[in-house]
Amino acid sequence: MRAMVQLRGITWNHTRGFAPLAATAQAFADQHPGVDITWDRRSLWAFGEQPLETLVSAYDLLVIDHPMIGWAATTGALVAFDDQPPHDVTGRLQHQYVGASAESYQYDGHEFAFALDAACQVAAARMDLLERAGEPPPRTWEAVLDLARRTRRVALPLNPIDALSALLTLCAHLGAPAGQHGDGFLHEEVTAEAIRLLRDLACLVDERCHDANPIAVLNRMSRTDEILYCPLVFGYTNYSRAGYAPRALTFTDIPCQGGDVPAGSCLGGAGLAVSASSPHIDIAVAYARWVTDPETQRTEYVRAGGQPAATAAWEDPTANELTRHFFTDTRATIEAAYLRPRHPGFPAFQTDVAPLVRQAVLGSLSPVELIETVNQRYAESLAWRPGPLSGPPAAHTPTPDVRPTPPHHNDSSGRTTREEP
């Protein structure tokens, strides 16, 4: 009798992260007798900031954030999919997934994850409350500030990593994407303007937003009538679906500043990778290829609560009907989203500087000090190289969240909770 093949995966602890993988794992097992796939969950903070080194020896399948790709490529910890048959991965990924979702998992000429889940910062609205108040959804940043001044019912998540994401979005939207303008990481004039806009709004939102992550804001919007609108929040289709929360939300493109193109939103999402330590690489790759295939994405995956990366799902009428047109109404934003750097030192860099960005947005650190410090630490991150992975593959046992000690100390007011993939 053939032995059962056991695959273990690790994803993040949210309906969007877990439910579609549990459903597709069972569907795959139904079609492949002798294969069993189980999924563990880690915190949303760990998804974005826990080093993969603690996971690659314990799991066959890993749902990861794209800034981790440089580390994976340098260490050889993940399978390069284009080295696995069939060898058509690059063409498939590049042409069938929204925005830079596919590109975000490419590094040094190889594919280290399949685009599984697509997200970026979008706007969220309680359309029923806006209509009741006679307010149209804001389309410009000036209109956002005006609505916030008049109603005091606009929100913005200002947890450290989300404050950083908002800053990255505005810098890119204003024409100087961080790390892409040739002079350090942050452009002095554009960053100062972005900080000013964020400070103006931070003064108008209630204090609960100062420590909030996207989930906290979306939960408040969907469970209470306290918030009319949020201009920058990572989108979750779950909150737009009937029955998921007491009050459904509507997601739209981000407000524009000085133009009509919603460009520059910080790209999130998630990729599905296979550990190079897996004893069943061929089967793990087969599942990863199937669950990220456009047909699976627009059917089983989206129906199970997933937020697919495949263009076919974003254009599917049924998927849009399920989600109050989430995909069509935010498509322009994700197609023009900003892709963060992915060199090996970037994950630790963003964890390190996010609390400083939050301090600058809340007014306790000047933009000049922020820019100088961030640019210096970014230069240091470019020079950092990971050491070799230590020891043989570990047994498949649950791995706890391990929070790394950042290279620079930040005070406790800058605590971080990663809530968005």
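1. Thr-252 is in contact (heavy atoms within 4.5 Å) with Val-122, Ala-123, Arg-139, Asp-329 and Thr-330, its neighbours within four places in sequence being left aside. The residue lies in strand 9, residues 250-252; helices (H or I, at least four residues) and strands (E, at least two) are DSSP runs, numbered from the N terminus. With a relative accessibility of 11%, Thr-252 counts as buried, that is, under 20% relative accessible area with a 1.4 Å probe and protein chains only.

2. This is a predicted model, in which local features need pLDDT of at least 70 and side-chain atom pairs count only at pLDDT 80 or more, while totals for chains, interfaces and linings use all residues. Residues are numbered from 1 along each chain as its sequence is written, and side-chain values use heavy atoms, without hydrogens and water.

3. Helix 9 (residues 214-223) is largely enclosed by the rest of the structure, because 8 of its 10 residues are buried. Those buried are Pro-214, Ile-215, Val-217, Leu-218, Asn-219, Arg-220, Met-221 and Ser-222. The N-terminal end of helix 9 is capped by Asn-213, which has a side-chain oxygen 3.1 Å from the backbone nitrogen of Ile-215.

4. Helix 1 (residues 15-31) and helix 10 (residues 281-291) have axes, lines fitted to C-alpha atoms over the stretch in contact with angles from 0 to 180 degrees between N-to-C directions, that come within 11 Å and cross at roughly 120°. Helix 1 contributes Leu-21, Thr-24, Ala-25, Ala-27 and Phe-28 to the contact, and helix 10 contributes Ile-283, Ala-286, Tyr-287, Trp-290 and Val-291.

Terms used:
Buried means under 20% relative accessible area, exposed over 50%, partly exposed in between (1.4 Å probe, protein chains only). A polar contact is a pair of N or O atoms within 3.5 Å; within protein, one must be able to donate a hydrogen and the other to accept it, and residues adjacent in sequence count only if both atoms are side-chain atoms.
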